[in-house]
Amino acid sequence: MSLAARLTRSFLRSAARPGAAQRGITSGPPEQPLGPGESVVGFLAIFAACLGPAAWVLAHLEDYKKRE
């Protein structure tokens, strides 16, 4: 049996056989809730990541319109 066939069989066998559930992943409320400072930093980071590029394009729109 070729090496590729053996590798394919081993990958398919492991994918078809369900393994043990991952430990350490729990759902529910956090043990230590976030404080207001951490929430503000998170919101600012998301705001900058989402709206920063759009603000950059709008601020430099006249430069993009020029055809040099």
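**Before you look.** A residue is called exposed when its relative accessible area is over 50%, buried when under 20%, and partly exposed in between, using a 1.4 Å probe and protein chains only. This is a predicted model, where local features need pLDDT of at least 70, side-chain atom pairs count only at pLDDT 80 or more, and totals for chains, interfaces and linings use all residues. Residues are numbered from 1 along each chain as its sequence is written, and side-chain values use heavy atoms, with hydrogens and water left out.

**View 1. Trp-56 sits in helix α2.** With a relative accessible area of 53%, Trp-56 counts as exposed. Helices here are DSSP runs (H or I, at least four residues), numbered from the N terminus.

View 2. Two elements, α2 (36-59) and α3 (61-65), each give two or more residues; α2 gives the most, with three.

**View 3. Lys-65 and Glu-62 meet in a salt bridge.** Their N to O distance is 3.8 Å, inside the rule (a Lys or Arg side-chain nitrogen within 4 Å of an Asp or Glu carboxyl oxygen). The two residues are three apart in helix α3, so about one helical turn separates them. Both Lys-65 and Glu-62 are exposed.

**View 4. Residues 40-59 carry a UniProt label, "transmembrane region".** The label comes from an unreviewed entry, and such annotations may be inferred rather than shown by experiment. In the model, this stretch is 100% helix and 0% strand, with its end C-alpha atoms 25 Å apart.
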